Amino acid sequence: SRLIKIVNNNYVTIDGSNNGTTSRDLTISNTSTTSPNVIWIGSTGTTPIHHVTVKNAIISNGVNTSTAVIVSDGTTSGTAGYFNNITIQNNSIRKAYMGVYGIAVVAAGNGNAYTLNGNSLNNTGTDAIRYVGFYLQGIDGASVTNNAIGSFDNTISEIDRGIWLATDVKNTTISGNTISNLDVNVTGTSNPVGINITSGITGANITVTGNTITGLTSIGTGTTTGIVSTIGTGGVTISKNKIGDIKNTAASGSAAGIVLSSTSTSAATLVSNNFIYDVAGAGGSTNGYGIVVASGAGYEIYNNSVSLNQAVAGTTADVYVAAAVTDAGAINLRNNILANNQASGSRYAVYSLAANTVFAAIDYNDYYVPGGSLGYISFDRNTLADMQTGFGGNANSKNVAPVFTSATDLHLNTILNINLNAVATSIGSVTDDIDGDTRSGTPDMGADEFSPAPGLNVGLTALVAPGTNGCHTGPENVT
């Protein structure tokens, strides 16, 4: 049953504010428990429906086995349709299998200006979303921005996804979203994924930037993941995201900040200026990895700050390269801060099961692993010299302890990181940092470009060498 159906009607606006602001004064609720939808937007035939806006409303479905808002064909619900300039904005979307399901016929420009902005999909209890916040398929030109997504129903064995860019999505931006508290509390292979990209288009032109993804947990045997780009997807930029508190507490499985598993050998994927922290498993065969390169080639990984601190022994790595990566020059790894502070067990900055030929370049990185090995390739590589021998490159890499603002804020302390200032190399695709600050001609390592605080010129009393009549003191200026 559908409460509101908008078909072949253009320039339609549903505004739930009764005072012209962003207040949500209107509740649109479908209380049916038999395949309910609240709003269905679509067109019949190939003429797109356009300029339809739903904003400032509380949208509540009858059960969490059906989708709340559908944008598709106007005749058959959930079938690919023709539309553009559809806006879903500042709504609270509750109790649904998927919050918003948008599916377009694959055609140039179809789905253009599909905008999902400022919505709240993070209700708890019986109002929780069950499976996916926003699902997009076949859409050419979407914008998913500034939404709050999380607190899904955690009692069902499913791979919960905050935002899912599915088959044939392209020319799309995901930015400024907060995805939090996705918890799959069921055993099996199910795990939450913050942002899932399965477009399958080599030149997808997808940008994922400025999102905050935290509090993803699971007891399943799969991988709890902040952001994943997979299948044949390429042309993806993943930048300026903050990803942390990603956990898997199962006896087997894993957790990862970012997973790159395209089947394309020319994935043209840029991963830059991201903060990744507190990614961990339960030890044993369940471990945490910052950035995983699982397959494919064409990855540029620049100026990321990764800090791991798994509480229990296991095998963890800031960057993990799987044996399935075989193409020469598949990965360009430069200008990153890779810190692994796990107290015991096998911990690494870079762990590679692939040959060193998969690195097009590996240099200007800071590797810091107190008590562990800086890298693994064939066997442990404990020192920078060992890294140069095993991985190649690394002539300008460092082994310096980075001092972050806190365990959850990877901005660099401006006084205590002088050895990381202006020691990276300029990269044309990374002209600013995670905050939008311009990179200098000789930039800093990591996601945060910083200016060292000025030194302190302090008058101290220092001990002077003893004379024939014993010790004495005199003033000296100490900088």
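The legends below describe close-up views of a predicted model. Local features are described at pLDDT of at least 70, side-chain atom pairs count only at pLDDT 80 or more, and totals for chains, interfaces and linings use all residues. Residues are numbered from 1 along each chain as its sequence is written, and side-chain values use heavy atoms, with hydrogens and water left out.

View 1. Strands (E, at least two residues) and helices (H or I, at least four) are DSSP runs, numbered from the N terminus. An open sheet is formed by 12 strands in the order β2-β5-β8-β11-β14-β17-β20-β23-β26-β29-β32-β35, with parallel pairing. Its edge strands are β2 (12-15) and β35, each of which pairs on one side only. From one strand to the next the twist averages 5°; such angles run from 0 to 180 degrees between the N-to-C directions of axes, which are lines fitted to C-alpha atoms. Two strands count as paired if DSSP finds at least two bridges between them. One example is β20 (residues 206-209) with β23 (residues 236-239), joined in the parallel sense over 4 bridges. Here T209 has S239 of β23 as its bridge partner.

**View 2. Strand β10 and its partners.** Buried means under 20% relative accessible area, exposed over 50%, and partly exposed in between (1.4 Å probe, protein chains only). Strand β7 (residues 69-73) runs parallel to β10 and is joined to it by 3 bridges; V71 has G102 as its bridge partner. Strand β13 (residues 132-137) also pairs with β10 in the parallel sense, over 5 bridges. M98 stands opposite V132 of β13.

**View 3. Helix α1 and what follows.** Helix α1 spans residues 384-391, and its buried residues are M387, G390 and F391. Seen down the axis, these fall within an arc of 75°, so they line one face of the helix. The arc is taken from the directions from the helix axis to the C-beta atoms. Among the elements that cover the buried residues are β34 (346-352), β35 (359-363) and β36 (366-368). After α1 comes G392, with a positive phi near 80°. N394 lies in the loop between α1 and β39 (404-406), and its phi is also positive, near 65°. At 0% relative accessibility, N394 is buried.

**View 4. Residue Y11.** Most residues other than glycine have a negative phi. The phi of Y11, however, is positive, near 55°. Y11 sits in the loop between β1 (2-7) and β2, and at 61% relative accessibility it is exposed.

**View 5. Residue G232.** This glycine, G232, is in the loop between β22 and β23. G232 is buried, with a relative accessible area of 13%. Leaving aside neighbours within four places in sequence, G232 is in contact (heavy atoms within 4.5 Å) with G200, I201, T202, S262, T263 and S264. G296 is 64 residues from G232 in sequence, and their C-alpha atoms are 8.6 Å apart.
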